[in-house]
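Thanks for coming. I will go through one interface and then two single residues. Please have the structure open as I talk.

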Amino acid sequence: MSGPLLEVKDLRVEFPTRRGTLVAVDGASLAIAPGEILGVVGESGAGKSLTGMAIIGLLEPPGRIAAGEIRLAGERIDGLPYEQMRRIRGRRIGAIFQDPLTSLNPLFTVGEQLTETILAHLEVTPAAARTRALALLAEVGIPAPQARIDHYPHQFSGGMRQRVVVALALCAEPRLIIADEPTTALDVSIQAQIIALLRRLAREHGTAVMLITHDMGVIAETADRVAVMYAGRIAEIGPVREVIHAPRHPYTAGLMGSIPKVGRGAGKKRGRLVQIEGAMPRLNAIPPGCAFNPRCPQRFARCAAERPELIAVGTTAAACWLYADGP
Amino acid sequence: MAVAPGWWRRAWDHDLAWSFRHSPVTIVAALLTLACFGAAIFAPWLAPHDPFDLASLNLGDAFAPPAWSAGGQARFPLGTDDQGRDVLSTIMHGARISLGVGLAAVAFSALLGVSLGLLSGYVGGRLDAFIMRVADIQLSFPAILIALLVDGVARVALPRETHDSIAIPVLIFSIGISGWVQYARTVRGSTLVEKNREYVQAARVIGRSRFAIMLHHVLPNVMGPVLVIGTIHVGTAIITEATLSFLGVGLPPTQPSLGTLIRVGNDFLFSGEWWITVFPGLALIVLVLSVNLLGDWLRDALNPKLR
Amino acid sequence: MDRDNLPLLRVLEVSRDFDVSRPWLNRLLEGTQRQLLRAVDGVSLAVNRGETLALVGESGCGKSTVARLIVGLHAASQGRIEFDGIDLAAPGAQALRRRMQMIFQDPYASLNPRWRVRDIVAEPIRVLKLAASEHEVAARVAELLRQVGLVAEDGEKYPHEFSGGQRQRISIARALSGNPEFLVCDEPTSALDVSVQAQILNLMTDLQRGLGLTYLFISHNLAVVSHIADRVGVMYLGRLVELANAEDLFVQPLHPYTRMLLDAIPDLEMSGKARTPVAGEVPNPLDPPAGCAFHPRCPHANARCRRERPQVIVQGDAVVACHAVEERRL
């Protein structure tokens, strides 16, 4: 297959309320190639989860896609009827959410949930489905799957449960996985295990992964490219190494500086962290021009007047007027 | 970031007001409730006659039909009863008593239930087990039976001549005591949640006493559902009072509530004087229905805000 | 002896059990026994004046319980806690508790939603009777709000009108209003976004310098701990496995569990260092492994580790509980 597997163009997600329409995602464009992991990072309220939800067609009403298009392997999937979208979910797009407990039904065994999902999407016999379920559990690293397949979700530990959720997302070999904060509820040691699992999926099966998280560390470990979101817009998008080591957008730079780092010279107060003053605006009070301009240390007149689009700077692109006349 | 002070507060108030404006049924219910309350509270001034003024009663006026039917008099819009009392006026005065008893019983229930629920939830342990078992036992009796029991005990225990003068407090007590369980359970449940929240722990670290924490920290945060239960309970309490009075164990005819009026009028139903019982009945239905509709709306409107 | 050289807080062999049994009737019907969960198991540590001691560990390791034992939200099952040289359980020691305050994790739950911010911040002042008049209370509240980066007018608002970071500032203002010397901070930034976390950490650093505060800082985030702590204690399954200066711990960890934790931190620098794969998960605390609690996951475990519980040994400035370190196998 040539070209991106997932292509999102100028996506706009709105929430009509009686006090006016809130724009939660505003003109987001991104693409993911097969086998690529795209990280989407941002602070709470940046619109990263809603972008994911819009792609899998699970926006909570009254939220709706107001503009833009979403293409999966070249085919538009936004605005599809519910039934059709339901078939695409699971079959072609797998979803992993933050809390493994809410993604699993406590009343059914893990095996029942896996085989049911497999049978719903693939034309196989129940016996073959169970064989596949066992293979999936082994694939995600659950020891002794034969013994574990008939256990209920509560009999698994947190880390193992999240593996089961990953297995569930993989049932129909989807080409795309949307993982929304898959490691946030987990301890660091287990977090590392789930990250390794996602990476292996992308490398070995050519699965495209959209990894939504607030944790830049997880992105650095996992993603190939990263999109940084701020107030519903993509502030910067580019290869992970570039964005982390040479952030172009002042927001990304501030964000990177504000992350405490482990290492030499710990303790004895290594001075202050970089601090972005203020807070992300509420959706009903997004400033005109660049949404970041009131907090930006490098702002100038144009920033408050005109909204910047993504401007290519080397291999990355930043929505910032600093780069209007070339890098 | 021009967030005006009180932005959220105003929005919250606004939400309630908004949902009120967009519910025509609620508006009608509120108007009816207001009318009933107004008519009841101001009965001594608004009512065309004073049904308790024996001097103004004239047995010759007895059994007058409503004003619009043949033989009706404009003086008595809804007719008169067997003693010549104006039915409209007795309804207004009766509603006054019914409402008073209902509200007082609800207040008593809520006070008892909220205190016990708060203690039960916050202190826990044996006290909790004891209070909740008592609640369980009481729940296995119908509320009306408990009210009958309390009322009966009071009649036996107290001297006969005081019966009429203490009828209202006894009625309030017996209806109130039969309703506390629901408050206690709800408050206990919310208290169990609130007492583990960090603001309660913060108050403990500051060194505040249990009592202060219950009163100042937990109580304000468990009152939302109590308000809803209370509103709906007003309707139930009025009905219970009416039932007791209808059965003859409530208020005496000298202090007639709506229930008493219905009972008294019931005797004349088959002899054709239907208005004596039907109009108090209708008043009861309108009053209870509109209060209940208000309570339902309040529950729905507050619900998403109350987690 | 000079009191100022004594540690401000000493925790001595403290344990805490929680009764997690089913209700009495269920136990009777199901024939099960009483069940105790040992959340904290023989922990000893000392916090020196003016320093920040951090406790780290994965969820369920008992670090938050230690915090709650110190501020008196739980009572210790065994052992004792001394503040300024006096046993906190001794009669009359209640007054000592005024000198410590706590900052909580969840800024959405730690402020009473029905109270105005000025009343929240003033509560310790009023309860501890630190001001002579209401006028004085108001002045002090305004000063505190400014100190944590808010404005005096914010006192009139309710907590829901603030963002998570601002609420945590209010929480800090309330903690400071009782003029404490010692602050127990239980994951104060883990519910916050990273840019807000930076603001709060900077604020806490400034306040410590300005007011000479002593912090016990509970966190699961090693990066945050490495930024703010002078000394770090690592807990695993209720036990303290290592306690060392921050400079040493992050460069030269001793205990295999500390090494594992450090290895598991996502590498922001992307240096491409080889990572030891982390195996296994924390075992069920109701049924901790015999011997060293970490032995089922430890690459260096031997027969002694499975059998005998390691005692705390002193290794330079650090203390560590590990047979492999003691036997110089590591």
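I start with the boundary between chain B and chain C, where the rule finds one salt bridge. The partners are C:Glu123 and B:Arg208, and their closest N and O atoms are 2.9 Å apart. Please keep in mind that this is a predicted model.

Between chain B and chain C, 10 residue pairs are in polar contact, with both residues at pLDDT 80 or more. Which helices of chain B supply at least two residues each to the side that touches chain C? They are helix 1 (7-21), helix 9 (198-206) and helix 10 (210-247). Helix 9 of chain B gives the largest share of that side, eight residues. Sorted by class, the side of chain B that touches chain C holds 10 nonpolar, five polar and five charged residues.

Now the extent of the interface. In terms of contact, 20 residues of chain B meet 27 residues of chain C. The two chains bury about 2000 Å² between them, and 57% of that is on carbon and sulfur atoms. On the chain B side, the residues that lose the most area to chain C are B:Glu198, B:Val205 and B:Ile206, which together make up 34% of what that side buries.

A word on confidence. The model has an ipTM of 0.87 and a pTM of 0.85. Chain C has an average pLDDT of 90, and 96% of the residues score at least 70.

A:Thr222 belongs to helix 9 (residues 216-222) of that chain. Is A:Thr222 buried or exposed? Its relative accessible area is 3%, so A:Thr222 is buried. The side chain of A:Thr222 reaches the backbone oxygen of A:Val218 at 2.5 Å. Setting aside neighbours within four places in sequence, A:Thr222 is in contact with A:Ile37, A:Ile195, A:Arg199 and A:Leu211.

The other residue is A:Leu80, in the loop between strand 5 (75-76) and helix 2 (82-91) of chain A. A:Leu80 counts as partly exposed because its relative accessibility is 25%. With neighbours within four places in sequence again left out, A:Leu80 is in contact with A:Met85 and A:Ile88. From A:Leu80 to A:Gly57 the distance is 8.4 Å, C-alpha to C-alpha, and the two are 23 residues apart in sequence.

That is the end of my part.

How values were computed
Residues numbered from 1 in each chain as written. Chains lettered and ligands numbered in written order. Heavy atoms only, no water. Contact = heavy atoms within 4.5 Å. Buried area = accessible area lost by both parts, 1.4 Å probe. Salt bridge = Lys/Arg side-chain N within 4 Å of Asp/Glu carboxyl O. Polar contact = N/O pair within 3.5 Å; in protein donor to acceptor, adjacent residues only side chain to side chain. Helix = DSSP H or I, 4+ residues; strand = E, 2+ residues; numbered from the N terminus. Nonpolar A, V, L, I, M, F, W, Y, C, P; charged D, E, K, R; others polar. Buried < 20%, exposed > 50% of the residue type's maximum accessible area, 1.4 Å probe, protein only. pLDDT = per-residue confidence, 0-100.
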